[in-house]
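Here are my notes on the structure shown below. They are set out as numbered points, to be read with the model open beside them.

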Amino acid sequence: MQFQQLAYFVAVAETRHFTQAAERMRVAQPSLSQQVKALERDVGATLFHRIRGNVTLTEAGETLLPIARRILAETEAAYRAVRELDELGRGRVRFGATPSLCTGVLPRLLATFRGKYPGIELVLQEGGSRDLQAALSEGTLDLAMIVDSRVHDDPRLTTVPLFVEELVVISPKDAPAPVPGARMKIRELRGHPLVMFRRGYDLREATMDACRAEGFEPDFAIEGGEMDAVLEFVRAGIGLAVVPGTVVGDRFRITRFAAPGLTRTVRLAYRRDVEPSRAVRALRDAVPRLLYQATAATTGETLTRIIQLG
């Protein structure tokens with residue numbers, strides 16, 4: 001089994017087409033096909049169902065794919081680490097975060113990091129926490145900021161707590177408060193139309209779980225949005241939404257939940273079994289400090305705790 005054979009195999013698996021895979025890998029299609037067949041001989045199993053115009057993975061191929069991706073990612077990490085030994089002025093970090101973090105604290109954090117390390121290329125992937133965790137496990141991400149209540153145990157990953165964030169109810173700035181008084185109970189969401197995120201979104205699941213724990217199903221005015229769309233729908237008066245306080249600013253009326261409130265813990269996750277490049281280590285080590293700086297203007301009401309790391 002050779003490194004190049006695994007690269008060709010992954011390319012075919014992702015494109016589901018031998019010619020397109022050959023174009024991606026910049027190699028002649030017959031040569032790529034021969035290398036894939038040689039890999040199949042080495043592993044002793046057929047990896048693809050080859051039907052004209054339709055290439056699909058066999059069960060053996062499905063088993064090999066995540067392993068091959070990890071091997072390729074780890075090999076690339078080793079090459080990067082060697083290339084970056086002389087200088088930290090260059091490098092590449094594949095960084096994942098949930099859309100709410102990309103809208104909230106992440107822009108200021110990454111802007112500060114880029115100011116110090118302008119030669120480091122940052123490749124951002126937005127997604128739900130479970131998708132980001134899968135990408136880390138497969139080796140297609142180096143670091144990710146995830147919500148810990150939405151992930152499962154993975155012995156290959158290390159997760160470090162960063163901060164606890166308060167979730168709040170938002171409504172149009174000129175609208176009356178959803179309920180009289182300074183705070184509302186979760187059960188008082190009953191009967192209020194909500195602007196709801198798409199399925200698989202961490203905030204959707206948190207809101208649904210909280211409502212069901214109070215014995216009711218929430219009413220949706222509209223559902224299926226990403227963060228930017230949800231904020232604009234609320235601004236237009238379509239309904240309320242439950243969002244992290246750090247994405248709101250002064251654009252909306254904010255109503256906080258009564259104690260104990262609704263919070264989520266954000267963690268930094270990375271592979272424990274892969275030696276990171278110097279660029280990855282630089283961002284990993286800088287995230288807690290930069291988060292503190294990025295949220296320095298916060299009152300402390302919506303960002304309840306910064307956990308300093310050693």
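1. Start with the lining of the largest cavity, which is made up of Thr-98, Pro-99, Ser-100, Gly-127, Gly-128, Tyr-201, Asp-202, Leu-203 and Arg-264. Please keep in mind throughout that this is a predicted model. Helix H5 (99-103) and helix H8 (202-213) each contribute at least two residues to the lining of this cavity. By class, the lining of the largest cavity has 3 nonpolar, 4 polar and 2 charged residues.

2. How much space lies in the largest cavity? The value is about 40 Å³. The structure has 1 cavity of 30 Å³ or more.

3. The largest pocket holds about 420 Å³ of space. It is lined by 18 residues, and those closest to its centre are Val-10, Arg-69, Leu-72, Ala-73 and Arg-94. On the class count, the lining of the largest pocket has 8 nonpolar, 2 polar and 8 charged residues.

4. Which elements each supply at least two residues of the lining of the largest pocket? They are H1, H2, helix H4 (59-83) and strand E3 (91-97). H4 gives the most to this lining, with 6 residues.

5. The second largest pocket holds about 200 Å³ of space. Its lining consists of 18 residues, and Leu-141, Asp-142, Arg-271, Val-274 and Pro-276 are the ones that lie nearest its centre. In the lining of the second largest pocket, 9 residues are nonpolar, 2 are polar and 7 are charged.

6. Two packed helices are described by the angle between their axes and the distance between the axes. For helix H1 (residues 3-15) and helix H2 (residues 18-25), the angle is about 125° and the axes are 8 Å apart. H1 and H2 are therefore oblique to each other. The crossing in which H1 passes H2 is right-handed.

7. Which residues make the contact between H1 and H2? From H1 they are Gln-4, Ala-7, Tyr-8, Ala-11, Val-12, Glu-14 and Thr-15, and from H2 they are Phe-18, Gln-20, Ala-21, Arg-24 and Met-25. The residues of this contact of H1 with H2 divide into 7 nonpolar, 3 polar and 2 charged.

8. The loop between H1 and H2 deserves a look of its own, and Arg-16 is found there. Phi of Arg-16 is near 55°, which is a positive value in a residue other than glycine.

9. H1 also packs with helix H3 (residues 29-43): their axes come within 9 Å and cross at roughly 105°. H1 and H3 are therefore roughly perpendicular to each other. On the H1 side, the contact is made by Gln-5, Leu-6, Tyr-8, Phe-9 and Val-12, and on the H3 side by Leu-32, Gln-35, Val-36, Ala-38, Leu-39 and Asp-42. The contact of H1 with H3 has 8 nonpolar, 2 polar and 1 charged residues.

10. What is the angle at which the axes of H2 and H3 cross? The crossing is at roughly 105°, and the axes come within 9 Å. H2 is therefore roughly perpendicular to H3. Phe-18, Thr-19, Ala-21, Ala-22 and Met-25 of H2 make this contact with Gln-29, Leu-32, Ser-33 and Val-36 of H3. The contact of H2 with H3 has 6 nonpolar, 3 polar and no charged residues.

11. A last point concerns the backbone. Which two residues does a cis peptide bond join? They are Ala-259 and Pro-260, with omega at about 10°. Pro-260 lies in the loop between strand E11 (252-257) and E12.

Methods. Residues numbered from 1 in each chain as written. Predicted model: local features only at pLDDT ≥ 70, side-chain atom pairs only at ≥ 80, totals over all residues. Heavy atoms only, no water. Axes fitted to C-alpha atoms, helices over the stretch in contact; angles between N-to-C directions. Helix = DSSP H or I, 4+ residues; strand = E, 2+ residues; numbered from the N terminus. Parallel < 35°, antiparallel > 145°, perpendicular 65-115°, else oblique. Left-handed = near helix turned anticlockwise from the far one by under 90°. Contact = heavy atoms within 4.5 Å. Nonpolar A, V, L, I, M, F, W, Y, C, P; charged D, E, K, R; others polar. 1 Å grid on protein atoms, 1.4 Å probe; cavity = no way out; pocket = protein on both sides within 12 Å on 5 of 7 lines; lining within 4 Å. Points joined across faces, edges and corners; volume = space filled by probe spheres on them.
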